Structure formats: structure tokens, C-alpha cells
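Subject: Structure handover

Hello,

Here is the structure for your files. My notes on its aromatic rings and pockets follow below.

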Amino acid sequence: MHVFYAPDIAVNPELPEEEAGHCLRVLRLTVGDEIMLTDGKGCFYRAAISAATGKRCQVKVNEVIPQEPFWKGHLHLAMAPTKNMDRIEWFVEKATEIGFDELSFLNCRFSERKVIKTERIEKIVVSAIKQSLKARKPVVNEMVDFGRFMQREFAGQKFIAHCYEGEKPLLKDVLQPGEDAVVLIGPEGDFSREEVEKAEAMGFRSISLGKSRLRTETATLVAVHTMNLFNS
């Protein structure tokens with residue numbers, strides 16, 4: 001059964017314009033056809049198309065199906081985006097399929113990309129939650145300077161992954177299951193020493209993601225997989 005994203009379906013029994021276009025013009029579904037909707041807030045909706053006129057697709061909801069969370073705690077990833085957008089988009093798709101709650105983009109001292117269009121990222125996230133049958137859509141935040149991000153308050157565990165020498169336990173060895181967690185991943189040139197020191201001063205713990213030197217998107221994917229696995 002086809003899955004569509006309709007964040008306001010609980011109060012408005014109609015598909016958003018883009019989803020309606022895909023439903024009616026691409027898939028050529030019509031009145032009476034059954035579809036599945038997700039509101040991105042924790043519920044699926046079994047529905048049938050009740051009216052299809054032009055660009056509008058109205059539905060009749062037949063059943064609301066709450067979905068239990070796949071993991072415990074709030075899993076937050078904060079990464080410096082790569083210069084190549086294809087690599088960011090690949091990461092976002094795969095990370096959403098695995099599962100997390102919030103994504104922030106960091107503008108760091110050695111960042112190769114200073115601007116990112118979150119509209120495209122949002123579309124990839126929506127596509128990935130539909131493909132992986134998740135009823136909860138991760139929050140995607142606008143890019144923010146590292147210093148401003150450090151001013152935020154975070155509940156639970158706080159980690160920063162970097163390549164500098166020092167005591168750095170593996171994330172899997174210090175992550176506490178069931179608790180909120182945020183992991184910072186730097187750019188290809190790594191965080192600056194000043195950024196690492198600032199993060200540690202704000203309560204972030206330096207961690208390792210393994211012996212290999214990983215690309216930014218690979219490191220972030222390792223982090224989300226570890227967080228998801230230990231909180232499932």
C-alpha cells in the first residue's frame with residue numbers, strides 16, 4: 001500500500017499539494033483506492049481517496065494506527081555538512097532509515113560548506129520515513145554557528161567526536177541506554193582545538209567512533225547507528 005506524508009491529517013483530511021500530485025498524476029490513484037498516511041508525529045492513518053479534483057486529493061480516514069517509538073530517548077545529531085551535497089543527502093536518507101530524532105548542521109572553523117538548503121533535506125527525510133515505515137519525522141534545524149550551538153541547553157548525554165590525541169573511549173562503551181543523547185561530528189578538517197575545548201567546557205565528552213579515520217558523513221552514520229542500536 002502506498003504511503004503518503006500528511007502532517008495535518010488529524011484536522012484536515014486532505015493530502016498536501018506535492019503528495020496529492022504524486023498520488024493522482026504519478027501513481028494514477030483514484031477515488032476509492034486505499035492509501036496509508038503518516039503524520040510524522042507518531043501515527044499512521046489507513047484511508048481511502050474520497051475526492052480527486054485537479055491538484056487536490058481528499059481522503060476518508062478509516063483507522064488511526066499509533067506507532068510505538070522504535071528507540072528510547074531523544075537522539076540528536078549535530079554535524080558540519082560536507083562540501084559535496086550528494087554525500088549529505090546520502091547520509092540523511094540512510095540515517096533516517098536507521099532512526100534518530102533531530103539533526104543540526106554546524107558551521108565550524110574548518111567547515112567547507114557555510115550554507116545549506118534545508119528544504120531539500122526535509123524532502124529526503126520525508127521520503128525516507130515513508131520508505132522505512134516510520135510514523136515519526138526527525139526535526140531538521142537550520143545551520144548554526146558552532147558557538148551559538150554551544151549556548152543551547154541539552155538534556156542527557158553530550159559527546160563530541162574528533163581526531164585529536166587524548167583519552168577518548170568508544171561511544172558504544174559510554175553511551176547510557178534509554179537516555180537522551182547528542183553527538184557532534186566535525187568537518188573533514190575536524191573541529192578546531194578551540195572548538196573541542198569549548199565543547200568539553202560545556203560538558204561534552206570526547207569520544208571515538210573506532211580506529212579508522214572516517215569521512216564526516218560516515219562518522220555521523222556510525223554515531224546514529226550506535227545510538228539507535230543501544231537505545232532500541
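In these notes, buried means under 20% relative accessible area, exposed means over 50%, and partly exposed lies in between (1.4 Å probe, protein chains only). The model is predicted, so local features need pLDDT of at least 70 and side-chain atom pairs count only at pLDDT 80 or more, while totals for chains, interfaces and linings use all residues. Residues are numbered from 1 along each chain as its sequence is written, and side-chain values use heavy atoms, with hydrogens and water left out.

Aromatic rings

The structure holds 4 aromatic pairs (rings of Phe, Tyr and Trp, the last by its six-membered ring, with centres within 6.5 Å; planes under 30 degrees apart are stacked, over 60 edge-to-face, the rest tilted). Phe70 and Trp71 make an edge-to-face pair, 6.4 Å centre to centre with 70° between the planes. Phe70 is partly exposed at 41% relative accessible area, whereas Trp71 is buried at 12%.

Phe154 and Phe204 are also edge-to-face, because their ring centres are 6.0 Å apart and their planes at 75°. Phe154 is buried at 16% relative accessible area, and Phe204 is buried at 3%. Together with Phe149, Phe154 and Phe204 form one aromatic cluster.

Pockets

A pocket here is an open set of points on a 1 Å grid over the protein atoms alone, where a 1.4 Å probe fits, with protein on both sides within 12 Å along at least five of seven lines; lining residues have an atom within 4 Å of a point. The largest pocket is lined by 23 residues, and His162, Cys163, Ser212, Arg213 and Leu214 lie nearest its centre.

Regards
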